[in-house]
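Please look over the model below before reading my points. They go from the overall fold to single residues.

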Amino acid sequence: LKTLTAGENVSANNLCYLKSDGKMWKVAASAATTTDGFLAIATASISADATGVFHVRGEYTTSGLTAASPYFISPTVGTYQATAPSTTNQYVRKIGFALSTTVLWFNPSNDYAKVQ
């Protein structure tokens, strides 16, 4: 866990990236700039320009996961999903694996690729 500053209003469970302004912003698989750097999950709602706690690595308790599935950055802003993005010009980056339906092993890959 790490205390960081939100660049925009984020909600608990939002997947965020560290932008060049030093703040956490919601990711989207539609932009390389949001997919290629440091990622973390907001553990609670955090207002823009306020500090809050982000989960940076390891077991993250949530809900609605598919056990044993890999998880990826989603094209939907601030979210992650069990299927890799497949639309042209979206970016694929694995963020972890579901250990169960409620526990995500959060360990983002350093690699990402653009769907052609």
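1. From the N terminus, the elements of the protein chain run β-β-β-α-β-β-β-β-β-β-β-β-β. That makes one helix and 12 strands. Both are DSSP runs numbered from the N terminus: helices are H or I with at least four residues, strands are E with at least two.

2. On provenance: this is a predicted model, where local features need pLDDT of at least 70, side-chain atom pairs count only at pLDDT 80 or more, and totals for chains, interfaces and linings use all residues. Residues are numbered from 1 along each chain as its sequence is written, and side-chain values use heavy atoms, without hydrogens and water.

3. Overall dimensions. The radius of gyration is 13 Å, which agrees with the value near 13 Å for a compact globule of 116 residues. It is taken over C-alpha atoms, and the globule rule is 2.2 Å times the number of residues to the power 0.38. The C-alpha atoms fill a box of roughly 35 × 30 × 20 Å along the principal axes. Of the 116 residues, 40% count as buried (under 20% relative accessible area; exposed is over 50%, partly exposed in between; 1.4 Å probe, protein chains only).

4. The open sheet. Five strands are ordered β6-β11-β10-β7-β8, with antiparallel pairing; a pair needs at least two DSSP bridges. β6 (58–61) and β8 (80–81) are the edges, each with a single partner strand, so one side of each lacks a neighbour in the sheet. Three bridges join β10 (residues 94–98) to β11 (residues 103–106). Gly96 sits opposite Phe106 in β11.

5. Around β2. This strand pairs antiparallel with β3 (residues 24–26) over three bridges, and Cys16 faces Lys26 in β3. The two strands form a hairpin with five residues between them; Gly22 in the turn has a positive phi of about 85°. Three bridges also join β2 to β4 (residues 39–42), again antiparallel. There, Leu15 has Ile41 as its bridge partner.

6. Asn14 deserves a look. Asn14 lies in the loop between β1 (2–5) and β2 (15–18). Is Asn14 buried or exposed? Asn14 is buried, at 11% relative accessible area. Beyond its neighbours within four places in sequence, Asn14 is in contact (heavy atoms within 4.5 Å) with Lys26, Ala40, Ile41, Ala42 and Gly78.

7. Phe97 belongs to strand β10. At 37% relative accessibility, Phe97 counts as partly exposed.
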